[in-house]
Amino acid sequence: MRFDLPDAPPRAAELRRELRDFLAEAGRDWTPETRARSWMGFDRDFSRAVGARGWIGMTWPAAYGGHERSGLERIVVLEEMLAAGAPVGAHWIGDRQSGPLILRLGTEEQRRRILPGIAAGELAFCIGLSEPEAGSDLANLRTKAERVPGGWKLNGRKIWTTFAHKSDYMIALVRTSPVPEGGARHAGLSQFLVDLRLSGISIRPIRDLAGEESFNEVTFDDVRLGEDDLLGEEGAGWAQATSELAFERSGPDRYLSSYPALAAGIDALNAAPTPGAEVTIGRMVARLNTLRGMSLSVGGMLERGESPAVEAALVKDAGNVFEQALPEQIRNLIDPADSPEELRRMLAGLAQLAPTFSLRGGTREILRGIIARDMGLR
């Protein structure tokens, strides 16, 4: 397992300046709670503005609304958005994994119908994986799509589906044929592009610890899908779904979710130093820099067409440990009673959100199993 650092893209410094100017203006009225939410903030107007700047679908061909820039330039955009605590949720999933999956496996009709809308910040996506009886044991899912004249009939439920109640489409992993006798449980699964406006779909938001409703339970009751809603190859859904997880698990969102609190904490300590704080902050920044290098390395692998599933799992696991611990470390350095209001409100929000960081995109236990298997430990 190697993490070779790729060269920075030629226009990285210029792109960062452009992004920071844009975010300073766009974020003028963002509250500390908005910044603490980071990529879990959902703002369609902001996503449209980002799309108008050409910062969604950056690596895609121009024929599909993309901008044919490098994957490392895209990472520069992600880093700056997360560092600012920008509400990118309306385009995040489509840009990060649904769009690339459609680009790689979709039909020409699907690409032309869907990708320009994602790139413009107009179409929001959610991912239909977990189910009430199949959370981390995803191969045990029960939602089914059965062939009917002219297409498919979809029945079942998905749960913990981020932004389903605000999204336009879901990419759903469902069973299209029974598990073969003595065969692997993940055989017979397929992926579908599901328009969430279709008849027979009901979406129930699930309130979380922070009082928000970003997670949802989605029920499909005889939902009719067309032949052209199948994404990729019938029966290849497991391989397709797991291949896109490298995009989900390795990006800056796996270690920068708490970054706005680190920046605000450093500002507060500069104004009112705490003895010994520089040692703790130095260690945090060193870990952050290491995680960034690992994430950039995986980004380079993905750009070269490799499949760094294990490396991505390691980035997510180590990144989640860092970003979950960060708010409490800042709180230990600065007495809440003496901290600036913005930092206090940000830390309060993160205290409620941080437990979810190691759940989304695969639980810590599952990831460590993947890493251990690759190292020959199980």
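Let me begin with Arg-11, which is partly exposed, with a relative accessible area of 30%, and whose side chain meets that of Glu-14 in a salt bridge at 3.4 Å, N to O. Glu-14 likewise counts as partly exposed, at 41% relative accessibility. Please keep in mind that what we are looking at is a predicted model.

A search of the whole structure finds 28 salt bridges, and I will take two further examples. In helix α3, Arg-48 and Asp-45 sit 3 residues apart, about one turn of the helix, and their side chains form a salt bridge at 3.0 Å, N to O. Residues three or four places apart point the same way, because an α-helix has 3.6 residues a turn. Here Asp-45 counts as exposed, at 57% relative accessibility, while Arg-48 is partly exposed, at 31%.

The second example pairs Arg-96 with Asp-253, at 2.7 Å, N to O. Arg-96 belongs to helix α5 and Asp-253 to the loop between α7 and α8, so this pair ties together parts that are 157 residues apart in sequence. Are these two buried or exposed? Arg-96 is buried, with a relative accessible area of 5%, and Asp-253 is buried too, at 1%. There is also a network, in which salt bridges with shared partners join Arg-16, Arg-20, Glu-79, Glu-80 and Arg-292.

Just after α6, Gly-121 takes a positive phi of about 80°.

Terms used:
Residues are numbered from 1 along each chain as its sequence is written. This is a predicted model: local features need pLDDT of at least 70, side-chain atom pairs count only at pLDDT 80 or more; totals for chains, interfaces and linings use all residues. Side-chain values use heavy atoms; hydrogens and water are left out. Helices (H or I, at least four residues) and strands (E, at least two) are DSSP runs, numbered from the N terminus. A salt bridge is a side-chain nitrogen of Lys or Arg within 4 Å of a carboxyl oxygen of Asp or Glu. Buried means under 20% relative accessible area, exposed over 50%, partly exposed in between (1.4 Å probe, protein chains only).
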